[in-house]
Amino acid sequence: SEMCIRDRYQRRVRDPTRRNNGDSRHPRGPVRGTEANAGMKAIAFGKPSKCDVEQTDGSFVSGAGDFELKFALVPSDPSLIEFSMSAETSGWVAFGWSDGTPAHQQTDMYTGVANGGACTVTDQWSTSKSRPAVDGQSDIVAGSAVCSTAGGRTTITFRRKLSTGDTLTDLPVENKPVLLQWAYATSTNLGTVHTATGTGFVNFLAAPGSAPLTAPPTPAPTPAPPPVTTPTSFAVDNGNFKLAWTVADANIDFVMEAKTLGYVGVGWTSLSGQAHKASDMMVGWVSGNSGTLLDTSS
């Protein structure tokens, strides 16, 4: 059963002898740098359909190890739970959970920033994929927030009550699986889009020594067809936009190319003839020596 979604990407640039001409059609401004060249841009990305995160006693770790969440009841006051989130970044770090709803829907969230000597943790409530709103009633225990940065990793610790009494913009911590959502960014500006994100099921009150948590029971899956390794492709506008995909086992890899200096995007919907309606979309671009890929929806 699927427990998480995590995107990966790699960048390829053709024709390295030609420089960017300052094209500003990119949604975030012109692409610049010695590797932001004219010619065909190719951004390859994959979406593993198998879980790449797991829960062990008192912790949750991403498959790549770039995000970790630890949790435990406070021994001196078991009505409190302590969370400690860490990520390979010097920017903001966040996590949240929803109970029976999709990611970003009715989600209790917490975002932390270690900025110089200051440590800030914000109690938030999310109802969509837009930036979460600040909770009008912060239920972070006063004085419990501690932030640190070391070895390129930021760690943020805080406490809250299992049940805050806020039934509108908080979720209680209960002994059952919930949908965990995590993210982090390279910037301390909370308005910055996340650099990495993922989801998974977790039980914050799972008994010590219990087996790693799995997703709620689902019907037995249909046997997978034989692996397909031959790429399938699609091209329009005289080849100025190309999309190729390869399916192997439970994974699908995409490569999208466009003759542009700006962003490249692709998406799909199950609604026939209704573009941009309930569409799953990926948008990527190359800037300087790095590439960016956003998993979004329309």
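## Exercises on a predicted all-chain model

**Exercise 1.** What share of the contacts with a separation of 6 or more joins residues 24 or more positions apart?

*Solution.* Take contacts as heavy atoms within 4.5 Å. In the protein chain, residues 24 or more positions apart account for 54% of those with a separation of 6 or more.

The model is predicted: local features need pLDDT of at least 70, side-chain atom pairs count only at pLDDT 80 or more, and totals for chains, interfaces and linings use all residues. Numbering starts from 1 along each chain as its sequence is written, and side-chain values use heavy atoms, without hydrogens and water.

**Exercise 2.** Locate the nonpolar cores.

*Solution.* Step one: apply the burial cut-off, under 20% relative accessible area with a 1.4 Å probe, protein chains only. Of 298 residues, 39% are buried. Step two: join buried Ala, Val, Leu, Ile, Met, Phe, Trp, Tyr and Cys through side-chain atoms within 4.5 Å. The largest core has 27 residues, with Phe67, Leu69, Phe83, Phe95, Trp97 and Phe204 making the most contacts inside it. Strands supplying at least two residues each include β5 (67–74), β6 (77–87) and β12 (153–161). A second, separate core has nine residues, among them Phe241 and Met282.

**Exercise 3.** Which strands mark the lowest and highest confidence?

*Solution.* Read pLDDT, the predictor's confidence in each residue, from 0 to 100. Strand β1 (residues 8–13) is lowest, at a mean of 34; β12 is highest, at 95. Residues 1–52 lie below 50.

Technical notes
Buried < 20%, exposed > 50% of the residue type's maximum accessible area, 1.4 Å probe, protein only. Helix = DSSP H or I, 4+ residues; strand = E, 2+ residues; numbered from the N terminus.
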